Amino acid sequence: MTPGERWLAATWTLVRTRLPAAPARVVEVGCGPLGGFVPMLRSNGYDAVGIDPQAPDEAHYRRIEFERAELPQQVDAVVASTSLHHVGNPAQVIDRITSTLTSGGTVVVVEWAWEKFDEHTAEWCFERLGPDDQAGWLPRRRDEWLASGKEWASYLRDWAEREGLHAGEVLVRLLDERLERQLLKHGPYFFPDLADTTDADEQAAIDGGEIRATRIDWVGALL
């Protein structure tokens, strides 16, 4: 399995258990080139559409930025997996999400709190990279960091600023301001990109105090 496939498999349970019953209408924000959860949603009877400039060139997808997409009305649920921290204006995007939801509609967000990616967590990840992982995002962060000569915290902050990444705590605050929170959990994030490492392995390291939990699971509703 690719890292993307491992991620989808590991987070599918959260998405499936938090959505209204099929055949609810679901929009996925930032489904990516794999199509995100849309295939699984549709195979489970949902009327699902994915929106992403790099979405598959197939039916049930819209290859456009969410901010520019013509959105369906009366959507029962919106799913956003690791997409909000990349958008230009998260407040605007979340407002668009709420504007397309029905009353009582559900929002399921899986995100990354990059600001919690401390040096201990980074080194734990770097020790678990496989020999064939040199093209991945974690090896690039390791190599850039070592070449920079900076302390990890300084390097990470500079990288996040260059990439325009939004902090997880900011995204949670924006979601809480617009929706009624039903769930907030933190857990494993890096395992799909690590060799011989499962989400359970990463969770054990979190529970043991070796590393920090940087994944955010947030669920809310429009009341």
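Colleague: A nonpolar core is a set of buried Ala, Val, Leu, Ile, Met, Phe, Trp, Tyr and Cys residues joined through side-chain atoms within 4.5 Å. In the largest nonpolar core, which residues have the most contacts inside it?

Modeller: The model is predicted. Its largest nonpolar core has 48 residues. Helix 1 (3-18), helix 2 (38-43), strand 4, strand 5, helix 4 (119-126), helix 5 (137-148), helix 6 (152-163) and helix 8 each supply at least two residues of this core. Those with the most contacts inside the core are L19, W112, F117, L138 and F190.

Colleague: Which residues does F117 touch, not counting residues up to four places away in sequence?

Modeller: F117 is one of the residues with the most contacts inside the largest core. With residues up to four places away in sequence not counted, F117 touches W112, A122, C125, W137, L138, W152, L156, F190 and T214.

Colleague: Does C125 count as buried or exposed?

Modeller: Buried means under 20% relative accessible area. The relative accessibility of C125 is 0%, so C125 counts as buried.

Colleague: How many disulfides are there?

Modeller: A disulfide requires a pair of cysteine sulfur atoms within 2.5 Å. C31, with a relative accessible area of 7%, is buried, and C125 is buried as well. By the sulfur cut-off, the number of disulfides is 0.

Colleague: In the open sheet, which strands stand at the edges?

Modeller: The sheet is formed by 7 strands with mixed pairing, in the order 3-2-1-4-5-7-6. Each edge strand has a single partner strand, so one side of each is left without a neighbour in the sheet. The strands at the edges are strand 3 (61-62) and strand 6.

Colleague: Over how many bridges do strand 4 and strand 5 pair?

Modeller: V75 has L101, in strand 5, as its bridge partner. Strand 4 and strand 5 (residues 101-112) pair in the parallel sense, and the number of bridges is 6.

Colleague: What do the buried residues of helix 3 pack against?

Modeller: Helix 3 lies across strand 1 (25-29), strand 4 and strand 5, and runs at about 145° to strand 5. Its buried residues include P90, V93, I94, I97, T98 and T100. They pack against strand 1, strand 4, strand 5 and helix 7 (168-178).

Colleague: Which residue caps the N-terminal end of helix 3?

Modeller: A side-chain oxygen of the capping residue lies 3.2 Å from the backbone nitrogen of A91. The residue that caps this end of helix 3 is N89.

Colleague: Which residue is joined to H85 by a polar contact of 2.6 Å between side chains?

Modeller: H85 is found in the loop between strand 4 and helix 3, and with a relative accessible area of 2% it is buried. Beyond four places away in sequence, H85 touches E111, W112, G164, L165, H166 and L171. The side chain that makes the polar contact of 2.6 Å with that of H85 belongs to E111.

Colleague: How far does the backbone oxygen of V29 lie from a polar atom of the side chain of S83?

Modeller: S83 is in the loop between strand 4 (75-81) and helix 3 (90-100), and at 10% relative accessibility it counts as buried. Leaving aside neighbours within four places in sequence, S83 is in contact with V29, G30 and E111. The separation between the backbone oxygen of V29 and the side-chain polar atom of S83 is 3.1 Å.

Colleague: Where does Y189 lie?

Modeller: Y189 counts as buried at 12% relative accessibility. Not counting residues up to four places away in sequence, Y189 touches W7, T82, E111, W112, W137, E202, T214 and R215. Y189 lies in the loop between strand 6 (180-187) and helix 8 (199-207).

Colleague: What phi does T82 have?

Modeller: Most residues other than glycine have a negative phi, and most peptide bonds are trans. T82 lies in the loop between strand 4 and helix 3, and at 23% relative accessibility it counts as partly exposed. Although T82 is not a glycine, its phi is positive, at about 50°.

Colleague: What phi does H60 have?

Modeller: H60 lies in the loop between strand 2 (47-51) and strand 3. At 38% relative accessibility, H60 counts as partly exposed. H60 is not a glycine, yet it has a positive phi of about 75°.

Colleague: What is the omega of the peptide bond from A22 to P23?

Modeller: P23 is placed in the loop between helix 1 and strand 1. The peptide bond from A22 to P23 is cis, and its omega is near 10°.

Note on methods. Residues are numbered from 1 along each chain as its sequence is written. This is a predicted model: local features need pLDDT of at least 70, side-chain atom pairs count only at pLDDT 80 or more; totals for chains, interfaces and linings use all residues. Side-chain values use heavy atoms; hydrogens and water are left out. Helices (H or I, at least four residues) and strands (E, at least two) are DSSP runs, numbered from the N terminus. Buried means under 20% relative accessible area, exposed over 50%, partly exposed in between (1.4 Å probe, protein chains only). Contact means heavy atoms within 4.5 Å. A polar contact is a pair of N or O atoms within 3.5 Å; within protein, one must be able to donate a hydrogen and the other to accept it, and residues adjacent in sequence count only if both atoms are side-chain atoms. Two strands pair if DSSP finds at least two bridges between them. Axes are lines fitted to C-alpha atoms, for helices over the stretch in contact, and angles run from 0 to 180 degrees between N-to-C directions.
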